[in-house]
Amino acid sequence: MSEDKKAPDLPGGAVPKPQPYDYAGHFAQVRTMADLMRDPDEQAWTSTMPAQPEHHQFVVWLGCNVIRTAHIAEALNDVLRHAGADFVALGGPNHCCGSVHQNKGAKTIGDNMLRQTIKRFEAFTPERMLNWCPSCDTHLRKAPAEHLTETVKSRETVTTFLAKVLRPDLFTIAVPMTVAVHAHGGTPDEDADSQALREIFSRIPGLTVVDVPAVTEIPRHCSDNNVRKFGDSPYKDALAGWVAAARAAGAERIVSIYHSCHRQLVLMQRDLPSGAMEIVNYLSLIARSLGLPEREDRFSRFAASGDVDAIVAAVSPNIEKLGIDQDRARKAMAKQFSKP
Amino acid sequence: MTLITFIDSAGQQHGVEAEDGATLMEVALRNAVPGIIGECGGSCACGSCHLYVAEDWIAKLPPAEAMELDMLDLTFDTTPASRLGCQIFVTTELAGLVVTTPAPRD
């Protein structure tokens, strides 16, 4: 019997059933958004396991939520290919870390999800796992030790990996821009990613990074769960202060590291009286400087619009090509982008 | 191949020849059976392959393991006949199995 079921008996002997949460609805939102936001001709991540997985040197674990901002996953794919890495990127609900269950109190199911995801990594017999999502990493740290393989234990973040493999001579295109990096600080992992990003940015000709304080009030990244815990209103206030500091320091754009921060920065800025600063993910800047075609940040475009009819019209090629149900598409877009 | 009959919430029967070793979720998806979605890809983590097993088949199926029971606990509209399609593997012993899929949720 799982821990989820160890609840006290109610009068009459009934056992309380855990509060149902619509996990299917959650995953449906992620999957649908990803299909609507991605390049309809090529999916940059593996969502369904092949019948016979082939060996790859690296498994890139994207987690599930990054594909809502598909351009980030696509840019990562482009950059890793350009760097000559032999990898498979696993993303979407099939490769969830289980944190969505954990956050709802369903620890056993979360652990089970993680165990199956790890089994999928190992099917590619990788030498190394590169981890994208801070929530997945946090969940791994809390996972039962018996679930963790050597591949998982020796993982490193995508950002620190890129700092090692993207040689300075690869950055051939100037990116004349002054940016502030939205970084979280206070733990070795956060600081390592921030440091790695600074190293990479120092190789991009023309790019200037201004100093703004790292976010220390919210751990790791601006996940929905972290923002909820911190409080929507305090988050907006903190963000307004942070954006103002970036602007005062001379930044023209804000650079996000993680998908979750990118999403929140874009969405929360819609309400700022001082106006929004453009958010750009660091992988987009890397791609630009490497001379790779830039992936459009549809998330920012749609968030700024908030017009669900126009958004659904804009993604109609994906709806048609990928055979997505119209109602499902509309629901997903409305849930993510309609303005309150 | 093993004959499985899915009955959707509108009462329509879908008799399909299922490949041994596949899960009922996979079989349903390949044959576009309404009511089975498999949002989590068969990881026993979402409940969207929930189905109801015909009464005379309940005892003939391998019993649900703890992780399936855990997920069923969090799945909507379950009954004692509820199972998750991603956890039932087709074998020749299942020839003639009848399952009903739930009505779509809004």
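Tutor: Let's start with a term: a pocket is an open set of grid points with protein on both sides within 12 Å along at least five of seven lines, and its lining residues have an atom within 4 Å of a point. Keep in mind that this model is predicted.

Student: Okay, which residues lie nearest the centre of the largest pocket?

Tutor: Those are Ser223(A), Asp224(A), Asn225(A), Arg228(A) and Arg263(A), out of 46 residues in the lining. The space in this pocket comes to about 1300 Å³.

Student: Which helices of chain A each supply at least two residues of that lining?

Tutor: Among them are helix H1 (23-37), helix H9 (224-230), helix H10 (232-248) and helix H11 (259-268).

Student: And how do the lining residues divide into nonpolar, polar and charged?

Tutor: There are 14 nonpolar, 18 polar and 14 charged.

Student: Now chain B. Why does Cys44(B) count as buried?

Tutor: Buried means under 20% relative accessible area. Cys44(B) has 1% relative accessibility, so it counts as buried. You'll find Cys44(B) in the loop between helix H1 (24-30) and strand E3 (50-53) of chain B. Its phi is positive, about 55 degrees, although Cys44(B) is not a glycine.

Student: What makes Thr125(A) partly exposed?

Tutor: Partly exposed sits between under 20% for buried and over 50% for exposed. Thr125(A) is at 46%, so it counts as partly exposed.

Student: Where does Thr125(A) lie?

Tutor: Look in the loop between helix H4 (107-122) and strand E3 (128-131) of chain A. Thr125(A) is another residue other than glycine with a positive phi, near 40 degrees.

Technical notes
Residues are numbered from 1 along each chain as its sequence is written. Chains are lettered from A and ligands numbered from 1 in the order in which they are written. This is a predicted model: local features need pLDDT of at least 70, side-chain atom pairs count only at pLDDT 80 or more; totals for chains, interfaces and linings use all residues. Side-chain values use heavy atoms; hydrogens and water are left out. On a 1 Å grid over the protein atoms alone, a cavity is a set of points where a 1.4 Å probe fits but cannot get out, and a pocket is an open set with protein on both sides within 12 Å along at least five of seven lines; lining residues have an atom within 4 Å of a point. Grid points are joined across faces, edges and corners, and a volume is the space filled by probe spheres set on the points. Helices (H or I, at least four residues) and strands (E, at least two) are DSSP runs, numbered from the N terminus. Ala, Val, Leu, Ile, Met, Phe, Trp, Tyr, Cys and Pro count as nonpolar, Asp, Glu, Lys and Arg as charged, and the others, Gly among them, as polar. Buried means under 20% relative accessible area, exposed over 50%, partly exposed in between (1.4 Å probe, protein chains only).
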